[in-house]
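Subject: Structure handover

Hello,

Here is the structure for you to look through. My notes follow below it.

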Amino acid sequence: MTIEIEKLHPLYAARIHGVDIRKPMDAASLAQIKAVAAEYVVCVIGHDTPPTNDEHIAFSAKFGPLQRGKAPKIAGTEMRIAHPEILDQSNLDEVGEIYSDDDRRLAYKRANRLWHTDMSFYDVRATYSLLAAHLVPPAGADTEFTDMRAAWDALPDARKAEIAHLEVEHSYWYSRVLGGGPQPTDEERITRPPARHAIVHLHAPSNRKALYLASHAQNIVGWPEEKGRALIDELIAFATQPRFVYAHQWRLGDILIWDNLATMHRATPFDDRTFRRDMRRTTCREREIIDA
Ligand code: OGA
Ligand code: MN
């Protein structure tokens, strides 16, 4: 396999040509893809037809232990995709129809429009997410990214010194409500308690420091709420300046790999009451999680 790289942004993000995840892959090719992912942190691999769920899962498993489970379990809803490794990111219900207006999942999905990184609300964080495009609405519906290594590098040294020691508390429900979703039921809330993470960490694959923030970030540990909120808002605004942002225009069959420990991303609005958008995600974790 001959792999070619097309840069998509001056700072990061690449399309990888010459790869088909549906076909057997030799160790050298896989090592090359991993090296590209380590450096570029957002990588796209295109296909003429979307990979099947099984092909998607098999490829994803090469990047680390996969998240398995019915998360998030929203009370009273069933699953459209039965594979426990796949998170359904579509606007479709269990029979493939666009969500009804009162479907609680719709409001929660819209929280993806806030800048975030996946699963920062867990102690064992997400490393790579792999999102596959099975149906793209006619007017598109980009996913936007930002490079949190570039953002950290660009911060003034004095600011870096002030914040480097801080810890942030992340909560899934915080971002759902922030995104306009309903307050969770008690049963839902206990499925996802908050987690604490350093505000900056070493991104091991590229050996660069990266800010670690998300819409899930609800406060700075040990700070009054308002002061913490102001710092989180300031840093998210800084990190998402246009110069750091890559907007991915989806093509059917794309599979996008991003590193949650070095990026943030967000969905952009589209007419989700009229058009179907079928996106499916697998997620790798920092280590294997049993029963979560
Ligand atoms: C995700 C996500 C954004 C989108 O799958 O984690 O945030 O555009 N998706 O669907
Ligand atoms: Mn996401």
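Is Cys 284 buried or exposed? Cys 284 is buried, at a relative accessible area of 0% (buried is under 20%, exposed over 50%, partly exposed in between, with a 1.4 Å probe and protein chains only). Cys 43 counts as buried too, at 1% relative accessibility.

This is a predicted model, in which local features need pLDDT of at least 70 and side-chain atom pairs pLDDT 80 or more, while totals for chains, interfaces and linings use all residues; side-chain values use heavy atoms, without hydrogens and water. Residues are numbered from 1 along each chain as its sequence is written, with chains lettered from A and ligands numbered from 1 in the order in which they are written.

The disulfide count is zero (a disulfide is a pair of cysteine sulfur atoms within 2.5 Å). The closest cysteine sulfur to that of Cys 43 is in Cys 284, 13 Å away, so the two are too far apart for a bond.

Now the ligand. The residues around ligand 1 (a heavy atom within 4 Å) include Asn 112, Leu 131, Thr 143, Trp 258 and Arg 277. The shell is made up of three nonpolar, five polar and three charged residues.

The distance is 2.9 Å for Gln 89, 3.1 Å for His 116 and 3.1 Å for Asp 118. Of the 290 Å² of accessible area that ligand 1 has on its own, the protein covers 99% (Shrake-Rupley method, 1.4 Å probe).

Regards

How values were computed. Polar contact = N/O pair within 3.5 Å; in protein donor to acceptor, adjacent residues only side chain to side chain. Nonpolar A, V, L, I, M, F, W, Y, C, P; charged D, E, K, R; others polar.
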